Protein chains: 2
Amino acid sequence: MSSLFPGEPEGPIVKTEIPGPNAKAAIAELNEVFDTRSLNMLTDYQKSLGNYIADPDGNILLDVYAQIASIPVGYNNPSLIKAARSDEMVNGLINRPALGNFPPKDWADVLKSGILKVAPKGLDQVFTAMAGSDANETAYKAAFMWRRQHERGGAHVEFTEEEMSSAMDNKSPGASQLSILSFKTGFHGRLFGSLSTTRSKPIHKLDIPAFDWPQATFPALKYPLDQHVEENRAAEKAALDEVEHIIKNYHVPPCAVIVEPIQSEGGDNHASPEFFRGLRELTRKHNILMIVDEVQTGVGATGKFWAHEHWDLPHPPDMVTFSKKAQTAGYYFGNPELRPNKPYRQFNTWMGDPARAILFRAIIDEIERLDLVNNTARVGDYLYGKLEVLASKYPDQFDNLRGKGMGTFIAFDNPKRDQFLAVAKKFGVNIGGSGQTAVRLRPMLIFQEKHADILVERLENIVQSL
Amino acid sequence: MSSLFPGEPEGPIVKTEIPGPNAKAAIAELNEVFDTRSLNMLTDYQKSLGNYIADPDGNILLDVYAQIASIPVGYNNPSLIKAARSDEMVNGLINRPALGNFPPKDWADVLKSGILKVAPKGLDQVFTAMAGSDANETAYKAAFMWRRQHERGGAHVEFTEEEMSSAMDNKSPGASQLSILSFKTGFHGRLFGSLSTTRSKPIHKLDIPAFDWPQATFPALKYPLDQHVEENRAAEKAALDEVEHIIKNYHVPPCAVIVEPIQSEGGDNHASPEFFRGLRELTRKHNILMIVDEVQTGVGATGKFWAHEHWDLPHPPDMVTFSKKAQTAGYYFGNPELRPNKPYRQFNTWMGDPARAILFRAIIDEIERLDLVNNTARVGDYLYGKLEVLASKYPDQFDNLRGKGMGTFIAFDNPKRDQFLAVAKKFGVNIGGSGQTAVRLRPMLIFQEKHADILVERLENIVQSL
């Protein structure tokens, strides 16, 4: 197996404690002007390469966290350097357009050869955004406008005076009394609308005003999935029954449900394709929209370009949101009714960033050139197999191993999770957590068998040290 | 007077109707995948230069709209090209950090030599964001956390079980029952929290759920300001009385008030320094925060780097938000209590974009090199003087001329405003509107007397044609 990233280090190098003396000095300086309490590791990006992240003290770690799952094709990827040095990129950076008003003459081409080239099946339109939160929130806005247009009797029906005046006062009927249904332990962002659908941890939500929007139980499956088929099916049926009950009865009626293919921040919670097909069926039955949040699962990590391709849906989702590994953001849709009936209803000054759209195009080219989605599927299976062996040796340390067949989107629970994450750096691995107890693996798409071997070896070292 | 932008066209060139045949074909293609109903002009950014915007049919217009007031130092500015081609920029583009977890080793330096170098007086901290909407919303989040911390008795007081469980359900007390007070005809963004404070037009708000947050009347001043001192003072006093009444009585208590130095999208509505000093006094009296939204007014446009420098405040604002001409975004603050009491309360994956932060630093350098804030102050006075002459010749066409002493941040009302804007392109000028009837001038900071001469000549041509 040749290397997908020539010139990478052979393995991690740990020279000092982390943070070492250089990092400590720089962190102290940074803390004067920027909150550093969530700082994980001060990074030397110039020295980071491929799957390896470097720090200012000469430490080089195998990075299976990848900037919270958002580095797609490796640090200092030569193809991305080339794209970043192009005249087109310079133009996108320094002449930033208001895309809704003054799109560049080749914006259709940038979209079609980039963002839209990888559009999920059935979705051929895009609204571009800046990050996961506003991608989700603009999708919600599209959902509210769509539903109210239906209730109003169609796109041609004008707004009433009462609607217009009450909207200005944040009151109904102009401000709709509708909701977005989300799942417990789901994560969809941290701005006010997206945070109202986020149900990950109290620390994300405390003190922030929230909309009275409903949450449904996400099925709490038992792992490995293939050994708990019956009880998992029952849990999923109960969850779908709860969804339907909420759709029919919640006092602020949902016009859409948003769901992650794998709940990521919430602890790597999986559900079966049958569950998602059932959810799609329910949303169609009750004429509400299904928004799939692929901010963390999208762009190849699960061994498909989009994780919802695992579901074999009979009808595509209404909207699919993306960010992170795309390095840009937005929502895909197909139904023309999801274009609001008038201009300037879905609008903002920048509506995304062409520089970042150009970068996503280069990322897509690199994924295709190196066949990285298939790589991730294959390496994920390899890694999962090795983790199964570890889990049989240390069952308490690698509890609820999950993500089989889902590329490298793998996680397990550890009883000393926070300590596990902290000590991992000593063993040369940068790794993240999710939920209360999960260790989540989020390698880049260029993660290969040789990296899996190193990772598994270090994971064993870590648990032996705990 | 030498040219601030060597190589610029001598003047506008209008070769075809706009859109011309090339633009029409490209717009039709774009419309297949991207909503083009708000499209103003398809743009050839490669051919745009300095104050001049080009289109694919060879038309070149003097641009006093500047991507909705967001181009600071001219299209294809050589200093920005140089910054965009730097290794540092390439690194920022392709190795995008999760800034809260893995900041680059030189992030303190990037901030101090860029964003923080121009921090408003008294505000030495920054939380970086992506665009105006999330800059405002993260400022709101900081305000809610700050106020609840005070109510709770300090940073050391732990959250209660009830707070934590109710927050997860979007319910009080965990989700606070507090509000942000904004002004009628103000604009603060289009995501759910920011849109709840935006009061510009129904089309911006219709069908989107909103928080039950209060609005106060913005004083409706008469122009020219120096001829209506007494009645304007009375209007401002009434507005401040209303603000105080709302602070004391609104059933969802405000923890902050947000205000634009000049209401921009809402129609270029001015208020006096006394008004803003009164507002600052009221917010301090009632222990609520004052957030100044400098998204459109900031970065030199008003002849000061920040428009609120015109006010001579005895105490700085609590937070100042920025975006647009900064080409990045965020909020400044000074009070250490505005750092939430625990990590991960104010956090997201990217927390801004270092590539855009590096660009802002280059913009700041260019502003300093060319002394562009003073340029804008001087040219603004020159332009205003010429517009006063026009207004005396065509009083109905240049009604309520305003922005005296506020750099090039100038506007007037026109009875056929939409037609005015549409026909302007025929006369070689790209120009925008605000509110219902205003024509707003938003030239770049490199706008000089010679451009003002051309603009004034064309404005006369436009009104003669209406």
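**Ground rules.** I noted that this is a predicted model, in which local features need pLDDT of at least 70 and side-chain atom pairs count only at pLDDT 80 or more, while totals for chains, interfaces and linings use all residues. Residues are numbered from 1 along each chain as its sequence is written, chains are lettered from A and ligands numbered from 1 in the order in which they are written, and side-chain values use heavy atoms, with hydrogens and water left out.

**Backbone entries.** I kept in mind that most residues other than glycine have a negative phi, and most peptide bonds are trans. B:Tyr344 has a positive phi near 70°, and its relative accessible area of 34% makes it partly exposed (buried is under 20%, exposed over 50%, partly exposed in between, with a 1.4 Å probe and protein chains only). A:Asp268 also has a positive phi, about 55°, and lies in the loop between strand S6 (254-259) and helix H11 (273-285) of chain A, but A:Asp268 counts as buried at 0% relative accessibility.

I then turned to cis peptide bonds: one joins A:Ile18 and A:Pro19, with omega about 0°, and A:Pro19 is found in the segment before helix H1 (21-31) of chain A. Another runs from A:Ser172 to A:Pro173, with omega near 5°, and A:Pro173 sits in the loop between helix H7 (161-168) and strand S4 (179-183) of chain A.

**Interface entries.** I found 126 residues of chain B in contact with 126 residues of chain A, contact meaning heavy atoms within 4.5 Å. Across this interface the rule finds 18 salt bridges (a side-chain nitrogen of Lys or Arg within 4 Å of a carboxyl oxygen of Asp or Glu). I looked at the one between B:Lys112 and A:Glu29, whose closest N and O atoms are 3.2 Å apart. Helix H6 (residues 132-152) of chain B gives the largest share of the side that touches chain A, nine residues.

**Symmetry entries.** Chain B is superposed on chain A by a rotation of 180° with 0.0 Å of shift along its axis (RMSD 0.0 Å), by least squares on the C-alpha atoms of residues with pLDDT of at least 70 in both. The two copies are therefore related as by a two-fold rotation axis. Of the residues of chain B, B:Phe192 comes closest to the rotation axis, at 2.8 Å (C-alpha).

Definitions and conventions
Helix = DSSP H or I, 4+ residues; strand = E, 2+ residues; numbered from the N terminus.
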